[in-house]
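This note sets out some remarks on the strand pairing and the core of the structure shown here.

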Amino acid sequence: MAILEVKKKEAKTVVFGPSTAFNGFLKFSETLCIQGKFRGTIEAAGALIVDKGAVVETDHISVKSLVVYGTVAGTVQAVDKVDMLPGAEVRGDVSAARLRIADGVLFEGQCSMTGVDRDVEIFSRPTEEIKAELQRVNG
């Protein structure tokens with residue numbers, strides 16, 4: 001099993017091209033675009049893009065954000081968001097603060113939203129109270 005840690009200060013996006021096949025552990029801090037095949041584990045502080053035609057099979061993916069055009073199989077945890085775009089296939093449970101599933105996506109799994117304050121009920125509170133609280137927080 002190979003371990004690859006991607007660190008490149010000049011480039012904002014690292015691309016694993018269509019002919020790339022990698023098995024192992026990926027760790028990166030910027031943006032990685034996979035166009036080929038990957039099998040293993042991904043734990044990163046950056047964003048991951050799974051391009052059209054790419055196949056990613058993992059036990060788990062932990063990233064800042066994930067954009068899927070291709071195929072992902074495995075558990076996904078994103079700090080920010082997961083975007084599943086037309087033609088994408090995602091098989092596995094997804095946990096993210098924001099989730100977007102476009103028309104034409106095959107999604108098999110469960111999703112859970114993170115970072116949502118369940119105690120806030122804006123429709124039962126007076127508008128003035130909400131405005132005052134927002135001013136205190138953002139003021």
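The points below take the strands in order of pairing, then the core, then one aspartate.

1. The model is a predicted one. The remarks that follow should be read with that in mind.

2. Strands E4 (31-34) and E6 (47-50) run parallel and are joined by 4 bridges. Within this pair, cysteine 33 has isoleucine 49 of E6 as its bridge partner.

3. E6 also pairs with E7, again in the parallel sense and over 4 bridges. Here valine 50 lies opposite valine 68 of E7. Strand E7 itself covers residues 55-68.

4. E7 is in turn joined to E8 by 11 bridges, and these two strands run parallel. Serine 65 is placed opposite lysine 81 of E8. Strand E8 spans residues 71-84.

5. Strand E9 (residues 89-91) pairs with E8 over 3 bridges, and alanine 73 stands opposite arginine 91 in E9. Strand E10 is joined to E8 by 2 bridges, with glutamine 77 facing serine 95 of E10 as its opposite residue. Strand E11 (residues 98-101) pairs with E8 over 4 bridges.

6. The largest nonpolar core holds 28 residues, and Ile34, Ile42, Leu48 and Val63 touch the most other members. At least two residues of this core come from each of the strands E2 (13-16), E3 (21-28), E4, E5 (37-43), E6, E7, E8 and E10 (94-96). In soluble globular proteins, nonpolar side chains tend to be buried together.

7. Which residues does leucine 48 contact, leaving aside its neighbours within four places in sequence? They are Phe28, Leu32, Ile34, Ile42, Ile61, Val63, Ser65, Leu66 and Val67.

8. Is aspartate 83 buried or exposed? Aspartate 83, found in strand E8, has a relative accessible area of 7%; because the cut-off for a buried residue is under 20%, aspartate 83 counts as buried. Not counting residues up to four places away in sequence, aspartate 83 touches Leu66, Val67, Val68 and Arg100. Arginine 100 is also the bridge partner of aspartate 83 in E11.

Key
Residues numbered from 1 in each chain as written. Predicted model: local features only at pLDDT ≥ 70, side-chain atom pairs only at ≥ 80, totals over all residues. Heavy atoms only, no water. Buried < 20%, exposed > 50% of the residue type's maximum accessible area, 1.4 Å probe, protein only. Contact = heavy atoms within 4.5 Å. Core = buried A, V, L, I, M, F, W, Y, C linked by side-chain atoms within 4.5 Å. Pairing = 2+ DSSP bridges.
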